[in-house]
Amino acid sequence: MEKIPTFILALPSALLFWFLWQIIRLTWAPNARLPGPWHTKYTGAVKVYKIMNGSGAAWVNDLHRKYGRIVRLSPTEVDFSSVSALKTIHNYRKPFMKSDFYKIFDFIPDVSSVLSTRTPGTHGRFRRLLSGPTSESSVKLVEHIVQAKLDLTIQRMEEEMKAQGFVDVLKWHHFMATDVSGHLSFGESFQMLEQQKKNQYIRDLEATSHLAGVMQFIPWLFFASKKYGLPIFRESHAINARLYSYAEESLYRHKRMQAAEPQTFQPTFFTKLLQAGEKDGDTITFEEIIQNAQLFIIAGSDTTAHTLTYLVWQLSRTENRDIRQRLLTELATLPKDFANDDLKPLPYLNCVISETLRLHAAAPDGLPRAVPAGGAEVDGVFLPEGSVAITQPWSMHRDPEVFPDPERFQPSRWENPTKDMKDSFSAFGNGPRTCLGIHLAYMELRLGTAKFFLKFPESKIANGFEDKDMDMQVSFVMSPKSHKCLLELS
């Protein structure tokens with residue numbers, strides 16, 4: 001009989017020793033002493049499962065209610081739910097850097113964007129180039145585009161109501177926001193409102209967004225499959241190639257239009273980046289411009305569309321009829337051809353928007369940040385280097401000490417907000433990484449709300465459509481469980 005090699009005989013013992021060592025190490029690790037479920041000392045598997053089924057943010061909030069403001073989610077991840085922790089982690093002068101989680105948004109390998117970069121210098125470079133085009137004064141210059149898209153959105157809703165007796169407002173808000181983002185990124189709309197359907201580019205973007213949920217757990221397999229030609233994710237790689245090709249062609253066309261008609265050419269959010277790339281190749285590469293443009297479309301479409309949809313849904317519910325009537329009374333004071341500047345001073349409109357963003361933030365999941373070298377203290381707890389500190393808007397917005405009766409939709413709470421309410425508000429992120437699209441988002445939300453309710457003041461929930469259909473699921477971006485919102489408009 002052939003003798004079995006010694007190393008094979010020793011392998012089970014070695015694996016058992018390694019397993020026991022890991023149990024001992026994790027049991028006595030610094031983060032093990034923090035509050036949280038026992039299993040999070042050893043694994044983040046439950047967190048992964050909850051995120052994959054869309055209930056991660058709600059699960060973390062439930063843990064805060066049980067364990068307090070500091071909760072361990074895995075051996076290395078700790079979630080905080082306090083204003084003091086938020087200010088420490090997202091400090092303007094010395095913020096914690098974004099964790100490796102954000103690599104999932106690098107659709108072009110080794111090319112980062114203003115959202116995904118973990119390097120302060122790169123982020124500062126992107127932000128300097130984009131802060132001007134996305135400023136409030138610059139966004140005002142493209143208001144006519146937003147107005148036109150919203151007018152067409154209202155028209156399409158009216159047509160659908162006449163045709164079938166109810167309207168999927170989420171679909172039309174999604175078409176509107178994506179068309180606006182496409183126009184401001186590539187200089188031309190995707191024409192989804194006109195064609196009344198999604199095009200291939202948007203279907204590919206949606207597929208890539210869903211893939212991001214998988215990539216955050218097995219990114220190595222995704223990139224290895226591309227490098228070595230493995231069949232898994234083959235279709236995903238084909239999608240990424242199509243996305244790159246479309247963005248490349250659109251941006252080159254954008255440059256040609258600018259060169260051919262410089263006097264009549266209307267700048268987009270990326271005109272300055274294209275000019276920077278021409279003047280100095282080290283300032284920004286063409287691949288970086290493509291990466292930022294694609295992410296701008298993703299970040300500017302689902303987010304605004306979902307928030308606006310939840311707003312009109314809330315005000316169309318019977319129990320919120322008084323809220324809607326108060327808003328309608330305020331909107332009745334507007335001139336016929338009102339603009340965003342007419343809406344900004346309206347106090348109750350802004351209260352309604354703030355309350356919608358509180359309960360239905362578009363990206364309410366955790367904002368993971370890497371603990372700096374040498375470790376750091378947050379809320380009196382020392383986190384070792386290698387840990388990830390997290391705050392999530394879902395929990396910050398539902399703190400009963402800050403927002404009494406937190407699950408109730410109550411816009412009047414924003415008429416005299418406390419300092420803690422303002423400091424806890426995280427719908428657009430926090431600190432130096434606050435969303436650059438905030439001014440465009442507020443413009444779309446104000447104009448979209450006003451135009452909708454002035455046209456359909458008696459909107460109501462469609463027959464058979466239930467509150468549970470609007471239960472929120474979160475895969476980084478929040479969406480209704482049913483992926484639709486059916487209303488009867490009048």
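The stops below visit salt bridges in this predicted model. There are 23 salt bridges in the structure.

**Stop one.** Select Glu 77 and Lys 47. Their side chains form a salt bridge, with N to O at 3.3 Å. The two residues come from distant parts of the chain, 30 residues apart. Glu 77 sits in strand S2 (residues 77–80), and Lys 47 in helix H2 (residues 45–52). Are these two residues buried or exposed? Both Glu 77 and Lys 47 are buried.

**Stop two.** Now select Arg 69 and Asp 399. Here the salt bridge spans 2.6 Å, N to O. Arg 69 is in the loop between helix H3 (56–67) and strand S1 (70–72), while Asp 399 is in the loop between helix H18 (393–396) and helix H19 (419–424), so the pair ties together parts 330 residues apart in sequence. Check the surface next. Arg 69 is partly exposed, at 32% relative accessible area. Asp 399 has 10% relative accessibility and counts as buried, because buried means under 20%.

**Stop three.** Move to Arg 326 and Glu 415. Their side chains meet in a salt bridge of 2.3 Å, N to O. Arg 326 belongs to helix H15 (residues 321–331). Glu 415 lies in the loop between H18 and H19, 89 residues apart from Arg 326. Arg 326 is partly exposed, with a relative accessible area of 40%. Glu 415 is partly exposed too, at 37%.

**Last stop.** Select Glu 136, Lys 140, Asp 341 and Lys 344 together. Salt bridges with shared partners join these four residues into one network.

Note on methods
Residues numbered from 1 in each chain as written. Predicted model: local features only at pLDDT ≥ 70, side-chain atom pairs only at ≥ 80, totals over all residues. Heavy atoms only, no water. Helix = DSSP H or I, 4+ residues; strand = E, 2+ residues; numbered from the N terminus. Buried < 20%, exposed > 50% of the residue type's maximum accessible area, 1.4 Å probe, protein only.
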